[in-house]
Amino acid sequence: MPTKISGSASTTGNPEERGTRLWTANDLARYLGVPVNTIYKWRSTGEGPPAYRVGRYLRFDAAQVADWLEKQRR
């Protein structure tokens, strides 16, 4: 079942069902159930999902987050 975060992109892999809004670090932290500082720590150590830098802000694509999360099952 697709998950939505306050009007953001769904997390399904189907491009027709995905929105185009990028997630903030707060959106991602809420989705994963971790503190936002964990997101920034993962970013600095290269452990977290890929992110885009938009000016001074980080943004995450829901599809890339879903792919990263699936790889964490190992």
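This briefing describes the fold, the helix packing and the salt bridges of one protein model.

The model is predicted: local features need pLDDT of at least 70, side-chain atom pairs count only at pLDDT 80 or more, and totals for chains, interfaces and linings use all residues. Residues are numbered from 1 along each chain as its sequence is written, and side-chain values use heavy atoms, with hydrogens and water left out. The protein has three helices and two strands, where helices (H or I, at least four residues) and strands (E, at least two) are DSSP runs numbered from the N terminus. Their order along the sequence is α-α-β-β-α.

**Overall fold**

- The protein has 74 residues, of which 31% count as buried; buried means under 20% relative accessible area, exposed over 50%, and partly exposed in between (1.4 Å probe, protein chains only).
- Among the contacts in the protein with a separation of 6 or more, 33% come from residues 24 or more positions apart; a contact means heavy atoms within 4.5 Å.

**Helix H1 and its surroundings**

- Helix H1 covers residues 25-32, and its buried residues are Ala 25, Asp 27, Leu 28 and Ala 29.
- These buried residues pack against helix H2 (36-45), strand E2 (57-59) and helix H3 (62-71).
- After H1 comes Gly 33, which has a positive phi near 75 degrees.

**Packing of H1 with H2**

- The axes of H1 and H2 are 8 Å apart, and the two helices pack at an angle of about 110 degrees; axes are lines fitted to C-alpha atoms, for helices over the stretch in contact, and angles run from 0 to 180 degrees between N-to-C directions.
- H1 and H2 are therefore roughly perpendicular to each other, since angles of 65 to 115 degrees carry that name, while those under 35 count as roughly parallel, those over 145 as roughly antiparallel and the rest as oblique.
- On the H1 side, Ala 25, Asn 26, Leu 28, Ala 29 and Leu 32 take part, meeting Val 36, Ile 39, Tyr 40 and Trp 42 of H2.
- The residues of this contact of H1 with H2 divide into eight nonpolar, one polar and no charged; Ala, Val, Leu, Ile, Met, Phe, Trp, Tyr, Cys and Pro count as nonpolar, Asp, Glu, Lys and Arg as charged, and the others, Gly among them, as polar.

**Packing of H1 with H3**

- The axes of H1 and H3 cross at roughly 40 degrees and come within 12 Å, which makes H1 oblique to H3.
- The crossing of H1 past H3 is right-handed; this term applies if the near helix is turned clockwise from the far one by less than a right angle, and left-handed applies if it is turned anticlockwise.
- In this pairing, Leu 28, Tyr 31 and Leu 32 of H1 meet Val 65, Trp 68 and Leu 69 of H3.
- The residues of the contact of H1 with H3 comprise six nonpolar, no polar and no charged.

**Salt bridges**

- A search of the whole structure finds three salt bridges, each defined as a side-chain nitrogen of Lys or Arg within 4 Å of a carboxyl oxygen of Asp or Glu.
- Arg 21 and Asp 27 form a salt bridge whose closest N and O atoms are 3.0 Å apart; Arg 21 is partly exposed at 34% relative accessibility, whereas Asp 27 is buried at 4%.
- Asp 27 also bridges to Arg 30, with the closest N and O atoms 3.7 Å apart, and Arg 30 is exposed at 52% relative accessibility.
- Both Asp 27 and Arg 30 lie in H1, three residues apart, about one turn of the helix.
- An α-helix has 3.6 residues a turn, so residues three or four places apart point the same way.
- Glu 70 forms a salt bridge with Arg 73, the closest N and O atoms being 3.5 Å apart; Glu 70 is partly exposed at 47%, and Arg 73 is exposed at 67%.

- Tyr 52 belongs to strand E1 (residues 52-54) and is partly exposed, with a relative accessible area of 39%.
- Leaving aside residues up to four places away in sequence, Tyr 52 touches Leu 22, Tyr 57, Leu 58, Arg 59, Asp 61 and Gln 64.
- Tyr 52 and Leu 22 are 30 residues apart along the chain, and their C-alpha atoms are separated by 9.1 Å.
- Ala 66, in helix H3, is partly exposed at 24%.
- Ala 66 and Pro 49 are 17 residues apart in sequence and 8.8 Å apart in space, C-alpha to C-alpha.
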